[in-house]
Amino acid sequence: MASILRLRKLYYVEPAVKCSSVRFESLDESPKIDQKLGKKEEDVICANSLALEVKNKRKQAKEWRCMDSCCWIIGCLCTTWWLLLLLFHCWPVTLLRAPELPGPGVRLKREGLMALHPVVLVPGIVTGGLELWEGRSCADGLFRKRLWGGSFTEIFKRPLCLLEHLSLHYGTGLDPPGIRVRAVPGLVAADYFAPGYFVWAVLIENLAKIGYEGKNLHMAAYDWRLSFQNTEIRDHSLTRLKSKIELMYITNGYKKVVVVPHSMGAIYFLHFLKWVETPPPMGGGGGPGWCAKHIKATMNIGPTFLGVPKAVSNLFSAEGKDASYIRAMVPGVFDSEILGLQTFEHVMRMSRTWDSIVSLLPKGGDPIWGNMDSSPEEGHVCDFSKKSHSQTSLSDNNVNNSDVKRGFQVKGLAKYGRIISFGKAASVLHSSKLPTVDSKEFSQTSTSQNLNISCGEVWTEYDEMSRQNIQNAAADKAYTSTTLLDLLRLVAPKMMRRAEAHFSHGIADNLDDPKYNHYKYWSNPLEMKLPNAPDMEIYCLYGVGIPTERSYVYKLSPNSRCKSIPYQIDSSLSGEDNSCLRGGVYFADGDESVPVLSAGFMCAKGWRGRTRFNPSGIATHIREYRHKPPTSLLEGRGIESGAHVDIMGNSALIEDILRVAAGATGDEIGGDRIYSDILRMAERINL
Amino acid sequence: MSSLRRRKPFNESSDSKPQSEKGEEEEHHEEDHDDDDDDDDNGKNKKIPSKIKKKRWEKLPSPPQQPPKWSCLDMCCWFIGCICVTWWLMLFLYNAMPASFPQYVTEAITGPLPDPPGVKLKKEGLVAKHPVVFVPGIVTGGLELWEGRGCAEGLFRNRLWGGTFGEVYKRPLCWVEHMSLDNETGLDPCGIRVRPVSGLVAADYFAPGYFVWAVLIANLARIGYEEKNMYMAAYDWRLSFQNTEVRDRTLSRIKSNIELLVATNGGRKVVAIPHSMGVLYFLHFMKWVEAPTPMGGGGGPNWCSKHIKAVVDIGGPFLGVPKAIAGLFSAEAKDIAVARALAPGFLDNDIFQFQTLQHVMRMSRTWDSTMSMIPRGGDTIWGGLHWSPEDGYSCSKEREKKNDTQITDQADAESVVCKARSANYGRIISFGKDVAEAPSSDIERIDFRGAIKGHTAANTTCRDVWTEYHDMGFAGIKAVAEYKTYTTESIVDLLHFIAPKMMARGTAHFSYGIADNLDDPKYTHYKYWSNPLETTLPNAPDMEIFSMYGVGLQTERAYVYKLSPHAECSIPFKIDTSADDEATCLRDGVYSVDGDETVPVLSAGFMCAKGWRGKTRFNPSGIKTYVREYNHLPPANLLEGRGTLSAAHVDIMGNFALIEDVIRIAAGASGEELGGDQVYSKIFNWSERINLQLDNETPVYSSR
């Protein structure tokens with residue numbers, strides 16, 4: 001029986017093979033063939049069976065076999081994955097971590113350091129988590145889930161909904177109606193920004209090693225989107241911080257608090273220092289001795305005292321260095337309208353509702369950041385790897401010996417003072433050849449009719465600007481940090497009006513002027529006096545040795561029809577090897593986000609000794625950390641990094657903080673430690 | 001293409017015979033069809049054979065394609081792959097599903113759900129008014145590691161308690177070591193620091209999906225609460241209450257935070273919501289905060305009246321819980337006892353070197369806080385050998401009770417019940433069921449107190465798990481059993497006998513008596529602060545105290561014990577799960593009574609029903625008290641999860657009626673506006689029977 005069957009099968013297949021050799025082309029015509037009945041029966045059968053067979057075969061080959069092997073592969077992968085996972089979990093933990101050096105915490109504990117002063121951590125912008133307390137219907141089920149920070153899964157699942165919830169009200173800078181998004185409290189607020197991407201976690205772990213825990217370690221989380229005074233108005237964040245510091249002071253045996261702000265937290269805490277001593281209702285009513293009584297030291301990590309140029313490009317065109325690179329490489333991804341994404345516009349609209357970004361605009365105007373023709377950083381050489389090595393000995397010993405620098409100046413390097421220039425020409429020409437910027441010219445014409453009603457639902461203030469104005473603003477001009485504010489007032493009048501009620505970017509002529517009692521001056525170190533606390537210490541801890549955005553070359557967007565942002569960084573521009581222009585951005589020394597000037601100037605000069613900004617002569621110390629990239633992939637983000645956020649894992653920095661927290665003074669940890677030109681730069685600034 | 005087909009016949013011919021035999025019948029079948037095809041050969045019928053042929057093709061090519069020796073493994077992989085793919089698909093669908101979908105399904109099945117109380121009350125126009133302070137109870141708060149031994153590396157700031165409990169399975173011994181406290185001091189062991197998680201996350205969910213405070217928080221958020229007017233007073237629930245201040249400064253933090261809440265919310269007083277042991281903790285706090293430094297918080301005599309509007313106690317074990325005794329005595333409660341009965345030898349299996357119970361006992365005995373839950377008030381409250389306040393309670397009457405709650409208030413209904421045989425709840429531990437039921441005159445008791453514990457070398461042979469039982473010889477164990485039955489008062493002595501070190505530690509922090517004279521200066525010591533029968537409430541006449549708890553569930557009240565059969569190395573006593581008696585509520589060796597599954601009604605309700613009602617010596621300023629009971633209704637179906645009408649000890653935190661009451665209080669309502677008392681149980685009758693001096697004159701005690 002079986003043999004017969006096999007025969008049948010063979011027979012069945014063989015004709016098909018024959019057929020295929022004869023008329024393989026006719027496969028696709030099989031329906032036609034079916035209809036033609038006049039042909040030979042056998043032939044038809046042959047063709048039919050052939051056609052069917054091949055069809056089936058195709059199907060099977062695709063459906064069955066492909067599925068089969070797919071499943072098989074996936075199965076294999078899953079199994080191995082699980083096996084590996086199991087092995088990983090069963091692996092003794094110590095084996096993986098054996099080669100690691102003991103962290104600074106362990107080392108210092110062996111030295112006998114113990115937790116002494118309570119520590120308050122003040123996170124910066126962006127790194128703090130935000131969670132939802134009340135939302136629109138599209139955010140159902142996200143109650144008390146993180147919208148910002150954590151895994152960011154929701155951003156991918158419902159991006160528009162999330163943008164809506166993270167935005168603030170454009171008019172007030174507070175919650176939009178029906179939406180309450182609040183800062184995550186506690187240490188979890190900013191220990192990790194995303195899974196595996198530490199912010200404070202390493203520092204916390206090392207602090208814990210010498211005995212810190214919940215009762216003497218506090219994270220002053222606040223809603224970093226709000227202006228500083230609004231965090232108090234809406235959430236009472238400043239009052240909470242005050243109460244927390246008082247509590248820790250009392251419960252830890254009347255030991256003063258060491259405050260560790262990072263990035264924007266530095267000016268937030270500056271604001272707090274003024275707020276807490278100001279009488280209510282505007283201030284916290286702590287009285288004039290509050291800071292002297294409660295605070296031992298402020299250890300600012302990567303402080304943005306004088307602002308960061310990055311904030312300019314962010315507000316101006318919602319792009320930083322990275323974004324503009326991507327745009328240059330893959331043109332049309334970001335601004336493709338086809339997908340209806342309008343990523344940049346959405347991001348810009350959202351970030352412009354955040355008052356806090358305005359706090360990061362460069363402060364102090366031309367005296368600090370340089371005018372059209374000169375800037376404090378002039379003569380900076382961008383060949384970083386070479387420079388930073390040859391420089392250290394010089395800058396440590398004889399700072400005034402700037403002959404070497406003068407040699408470079410001849411080359412006419414970057415004019416950093418022009419924070420935004422339109423076109424490369426505008427960025428290098430001498431100022432006399434440039435058209436002058438007249439802010440009045442803007443204000444006259446800026447009230448133009450809104451032409452762009454049809455331009456999609458994403459509204460940015462650019463839509464309210466007329467084409468004429470956009471070109472006017474651009475026409476071969478360069479903007480310094482003073483005129484820059486005028487430019488921003490032109491392109492985003494409402495935002496600037498809202499935010500400038502909370503922040504000021506000038507330099508005070510006379511600090512005793514009663515107008516400086518207003519809270520909008522509190523976060524600007526050039527318009528406030530430090531509290532009367534002679535025993536307090538202020539540290540500026542920041543990384544150096546990384547190119548940091550300092551000024552930009554812009555161009556008009558090519559496709560400046562209605563929808564898009566009319567300006568973008570001209571990423572095609574790059575200078576020669578040792579010029580600092582790369583991708584339309586001029587770089588200076590810094591920690592990748594904050595230029596040295598901004599982070600170090602106040603400690604190096606503005607507050608050094610008894611100045612009008614520092615009437616009680618609070619001691620200041622500068623501690624710089626030269627960037628060294630991680631030597632191997634295993635090191636992760638490195639223990640010697642100087643980058644803005646990665647520096648929080650820098651062993652030297654952690655050691656300094658631990659020592660101060662355990663009672664050391666600035667002189668005991670070694671006083672100033674400088675690698676950059678900050679002192680020389682500060683010298684040039686004429687205040 | 002052609003190569004594939006050419007391989008076909010080759011494969012088939014080389015294929016084994018059984019394969020083709022299987023297809024035999026079908027081949028025949030198809031043959032017929034093929035014939036048919038040949039007959040009416042026009043294009044319309046072509047679909048039939050195509051299907052059939054497809055079938056054939058399906059069968060043929062796949063199995064012979066792979067060499068047979070791989071096929072099993074391949075099939076496995078294939079199978080896993082399929083499962084994975086479907087799993088991922090489902091996961092993807094689940095993630096892509098709109099968030100309101102489950103609710104929609106639920107509504108389609110069960111009809112429209114009632115609005116959650118937060119939404120409902122928001123529609124009524126309630127808005128956040130008084131700041132709210134949550135005080136979590138024992139066990140529900142999360143604990144995280146701050147410093148550990150080598151075995152706990154990589155767990156820094158990970159949760160050891162609460163959350164997923166993943167570490168319990170991965171390194172159980174290490175976990176037990178870290179969760180234990182020092183046996184002498186009741187504080188951290190050397191080199192280990194485990195600290196409470198702070199913030200609302202501390203106790204919103206105990207384990208993933210098992211809510212504790214989350215539902216209440218979500219509903220409060222609906223009417224406008226957020227971080228700035230809510231505060232979770234998380235504390236390390238393993239420590240004795242005063243030690244939380246000594247070690248972590250927790251009480252100072254709570255004080256400071258309450259002051260901050262009041263200051264930042266326009267001077268509005270806070271509503272404190274303690275749950276379970278948090279009730280005692282908050283009681284301790286209220287005394288602590290007004291006591292002068294250094295022992296107290298130095299808030300001054302009016303601190304409470306200035307800062308606290310109401311204390312809303314949820315399921316408060318004011319007078320302790322009998323469960324705590326079983327926990328301390330033999331590390332088992334009803335659930336474990338049942339598990340042991342079902343699978344004998346599993347829990348006390350020495351073969352696997354688990355010794356689970358011993359480990360658990362050793363760990364939990366280092367926790368001082370468990371001793372705060374030992375029944376207080378002695379025989380006066382909990383009943384003596386032959387009487388108890390709950391006399392006459394009958395489990396079978398429960399149905400009836402639910403139907404007519406009015407009658408329970410009247411005394412005559414009770415007399416009917418009284419005739420029925422009832423359990424001697426006063427005998428919290430009895431050895432043997434007969435002892436538990438015998439009239440008190442028949443019990444011959446040999447006092448254990450003087451008994452010589454004897455000496456064994458047991459602890460050298462019994463591995464490293466050390467419990468205090470090992471210090472006690474066989475004679476001591478026998479003496480304990482000889483005493484036959486224990487009432488509340490003698491239980492404290494019993495615990496002193498069997499675990500002297502633990503009790504020495506515990507009695508330094510807690511007290512279980514009734515004060516004769518509250519003005520006695522000794523009562524300013526902190527160990528009395530958490531015992532409502534030995535403290536006076538603060539002088540805050542405007543404050544209100546609510547006692548909210550569930551009723552209608554069987555709650556452990558008394559135990560029948562037996563000696564463990566192999567009493568050498570393991571715990572020598574265990575609950576006699578064979579003892580059963582429907583009539584007296586005895587099931588699996590446990591006498592149960594009305595309550596919320598953990599706290600008996602008596603403990604939760606007595607203080608508010610009688611002890612503090614009106615101006616008594618425990619409540620000199622006449623703080624108003626209210627009893628709010630919630631009758632248990634199990635969830636109607638599985639979709640409801642743990643139910644919105646549940647009254648079980650923890651599940652009650654999701655009870656809509658309770659949440660509504662809490663929200664109303666937080667939004668400013670007083671107890672009267674809420675509707676005053678709401679009573680389903682016989683708490684008032686039972687309190688009536690307790691003969692406790694409430695006036696300030698010299699009290700005279702007598703147990704009936």
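User: In which helix of chain A is the place of L85(A)?

Analyst: This is a predicted model. L85(A) is located in helix α3 of chain A, which covers residues 41–90.

User: Why is L85(A) called partly exposed?

Analyst: Its relative accessible area is 34%. Partly exposed residues fall between the buried limit, under 20%, and the exposed limit, over 50%. L85(A), at 34%, therefore counts as partly exposed.

User: What makes the nonpolar surface patch that includes L85(A)?

Analyst: The patch is made by W81(A), W82(A), L84(A), L85(A) and L87(A), and its area is about 550 Å². Patch residues need over 30% relative accessible area, and L85(A) has 34%.

User: Why is D248(B) called buried?

Analyst: The relative accessible area of D248(B) is 5%. Buried means under 20%, so D248(B) qualifies as buried. This residue belongs to helix α12 of chain B, residues 241–248.

User: Which residues does D248(B) touch, leaving aside those up to four places away in sequence?

Analyst: From chain A, D248(B) touches E213(A) and K215(A). Within chain B, the residues touched are R195(B), P196(B), D236(B), N243(B) and R253(B). A contact requires heavy atoms within 4.5 Å.

User: How far apart in space are D248(B) and P500(B)?

Analyst: Their C-alpha atoms are 27 Å apart, and 252 residues separate D248(B) and P500(B) in sequence.

User: Why is helix α14 of chain B described as largely enclosed by the rest of the structure?

Analyst: Of the 14 residues of α14(B), 13 are buried, so the helix is largely enclosed.

User: How do you know what span to expect for helix α14 of chain B?

Analyst: The expected span is 1.5 Å times one less than the number of residues. Helix α14, residues 277–290 of chain B, has 14 residues and an expected span of 20 Å. From first C-alpha to last, helix α14 of chain B reaches 21 Å, close to that expectation.

User: What does the UniProt record give for residues 75–94 of chain B?

Analyst: An unreviewed UniProt entry annotates them as "transmembrane region". In the model, the span is 100% helix and 0% strand, with its end C-alpha atoms 28 Å apart.

Definitions and conventions. Residues are numbered from 1 along each chain as its sequence is written. Chains are lettered from A and ligands numbered from 1 in the order in which they are written. This is a predicted model: local features need pLDDT of at least 70, side-chain atom pairs count only at pLDDT 80 or more; totals for chains, interfaces and linings use all residues. Side-chain values use heavy atoms; hydrogens and water are left out. Patches are made of residues with over 30% relative accessible area and no salt bridge: like charges are joined within 9 Å, nonpolar side chains (Val, Leu, Ile, Met, Phe, Trp, Tyr) within 5 Å. Accessible areas come from the Shrake-Rupley method with a 1.4 Å probe; for residues, only the protein chains shown count as cover. A salt bridge is a side-chain nitrogen of Lys or Arg within 4 Å of a carboxyl oxygen of Asp or Glu. Helices (H or I, at least four residues) and strands (E, at least two) are DSSP runs, numbered from the N terminus. Buried means under 20% relative accessible area, exposed over 50%, partly exposed in between (1.4 Å probe, protein chains only). UniProt positions are given in the numbering used here, feature names are shortened, and annotations may be inferred rather than shown by experiment.
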